[in-house]
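Welcome, and thanks for taking a look at this one. Have the viewer ready, and let us walk through the fold together.

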Amino acid sequence: MFDRGEAASLRGFDTAIADIGDQLHLRHPLLVLDGDSTLYAARRLDWRNDQSALAVADPSEATELATLLPDAYRLPITSGEAVVVAGAEFVQAASDAGIQLGGSEISFTRVHESKCWISTATRASFAKHQTRLASEALSAFDEALGSASHEGRRLSKRGDGALLVLRGCGTRWREDLAVRELAGAKQNREFDLYRRLLDGFEIELDAPSDDLHRQVERHIELAVSQRVSMAEVPDTWIEMLFRGETERH
């Protein structure tokens, strides 16, 4: 089927674009080998030394069940890499939250026709990218929450965007997300939503609703105190601290 030195180009991924939604996904690639027009679906990411890992794909079926990319978006792909796909809503949310979607670990290309952004990455680099996005989303939300609570207003677009980014980064941060979902609903005075979320997370996280409620209260208080503390530090103090750190190094 192929030899070890044969290069490959990305032609698509194994999920319909309509199912990407507002998430960040790691998907198996559809690819072609250089000098061969046959479309292959990678059953396993490490396909170079495993010929059974590549299955011949029917382009017409792939169009219905997966996503084929326009020729202009052919990217080189190597064995061990998957396709990273970010939905348009996820990309917009990252922008609203002030979070840079791409970075040193992954660089994205916008696919205009499919309304998504794509890249290629190993599982390890994708996990590192997810962690960076989630960490920035947590910080962005807490800053927005502190400001909104201190000023007595609804969450800003930045806070809403940070929540959506955190939702789209997978389930590893589920408890962190639960507290912030609840805090956001409480801050926005959406009390019916708050009660529904509280009931749902009580079951999902196996945590008493009273404990969750107290945790949310403490989180809001902490966000406000951190916001106030930063606001009360004079710029000259920050400059002096920075200057001192620089001199010591």
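Tyr-194, Leu-197, Leu-198 and Phe-201 are the buried residues of α6. Looking down the axis of α6, you will find these buried residues within an arc of 105°, so they line one face of the helix. Turn to the other side of α6 and the exposed residues there are Asp-192, Arg-196 and Ile-203. Please keep in mind throughout that this is a predicted model.

The helix also passes a simple geometry check. α6 covers residues 191-204, and at 1.5 Å a residue its 14 residues should span 20 Å; the end C-alpha atoms are 20 Å apart, which agrees. After α6 comes Asp-206, with a positive phi near 55°.

## The chain as a whole

Stepping back, the chain has 8 helices and 10 strands. It holds 249 residues, and buried ones make up 44% of them. Of the contacts with a separation of 6 or more, 66% are between residues 24 or more positions apart.

What about the surface? The chain exposes about 13700 Å², and carbon and sulfur atoms supply 49% of that area.

## Helix α2 against its neighbours

Helix α2 runs over residues 88-96, and its buried residues are Phe-90, Val-91, Ala-93 and Ala-94. Viewed down the axis of α2, they fall within an arc of 160°, so here too the buried residues line one face of the helix.

Which elements do the buried residues of α2 pack against? The partners are strands β2, β8 (82-87) and β10 (116-121), together with helices α3 (123-151) and α4. Just after α2, Gly-98 takes a positive phi of about 75°.

In soluble globular proteins, nonpolar side chains tend to be buried together. In this model, the largest nonpolar core has 47 residues, and the ones with the most contacts inside it are Leu-24, Phe-90, Val-165 and Leu-182. At least two residues of this core come from each of β8, α2, α3, α4, α5, α6 and α7. The element that gives the most is α3, with 10 residues.

Leaving aside neighbours within four places in sequence, Leu-24 is in contact with Val-84, Val-85, Ala-86, Phe-90, Phe-108, Phe-126, His-129, Gln-130, Leu-133 and Gly-168. There is also a second, separate core of 19 residues, which includes Ile-20, Trp-47, Tyr-73 and Cys-116.

## Salt bridges

How many salt bridges does a search of the whole structure find? It finds 13. One of the pairs joins the side chains of Arg-27 and Asp-14, at 3.0 Å from N to O. Arg-27 lies in strand β2 (residues 24-27) and Asp-14 in the loop between β1 (8-13) and β2, so this pair ties together parts that are 13 residues apart in sequence. Arg-27 is partly exposed at 24% relative accessibility, and Asp-14 is partly exposed at 31%.

A further salt bridge links Arg-167 and Glu-181, whose closest N and O atoms are 2.5 Å apart. With Arg-167 in helix α4 (residues 157-168) and Glu-181 in helix α5 (residues 174-187), the pair ties together parts that are 14 residues apart in sequence. Arg-167 is partly exposed, with a relative accessible area of 36%, whereas Glu-181 counts as buried at 12%. Arg-214 and Asp-211 form another salt bridge, with their closest N and O atoms 2.4 Å apart. These two residues sit 3 residues apart in helix α7 (residues 209-232), so about one helical turn separates them. Arg-214 is partly exposed at 43% relative accessibility, and Asp-211 is partly exposed at 35%.

## A look at Ser-147

Is Ser-147 buried or exposed? Its relative accessibility is 19%, and the cut-off for buried is under 20%, so Ser-147 counts as buried. Ser-147 is found in helix α3. Not counting residues up to four places away in sequence, Ser-147 touches Arg-153 and Arg-227.

Definitions and conventions: Residues are numbered from 1 along each chain as its sequence is written. This is a predicted model: local features need pLDDT of at least 70, side-chain atom pairs count only at pLDDT 80 or more; totals for chains, interfaces and linings use all residues. Side-chain values use heavy atoms; hydrogens and water are left out. A salt bridge is a side-chain nitrogen of Lys or Arg within 4 Å of a carboxyl oxygen of Asp or Glu. Helices (H or I, at least four residues) and strands (E, at least two) are DSSP runs, numbered from the N terminus. Buried means under 20% relative accessible area, exposed over 50%, partly exposed in between (1.4 Å probe, protein chains only). The arc is that of the directions from the helix axis to the C-beta atoms. Contact means heavy atoms within 4.5 Å. The expected span of a helix is 1.5 Å times one less than its number of residues. A nonpolar core is a set of buried Ala, Val, Leu, Ile, Met, Phe, Trp, Tyr and Cys residues joined through side-chain atoms within 4.5 Å. Accessible areas come from the Shrake-Rupley method with a 1.4 Å probe; for residues, only the protein chains shown count as cover.
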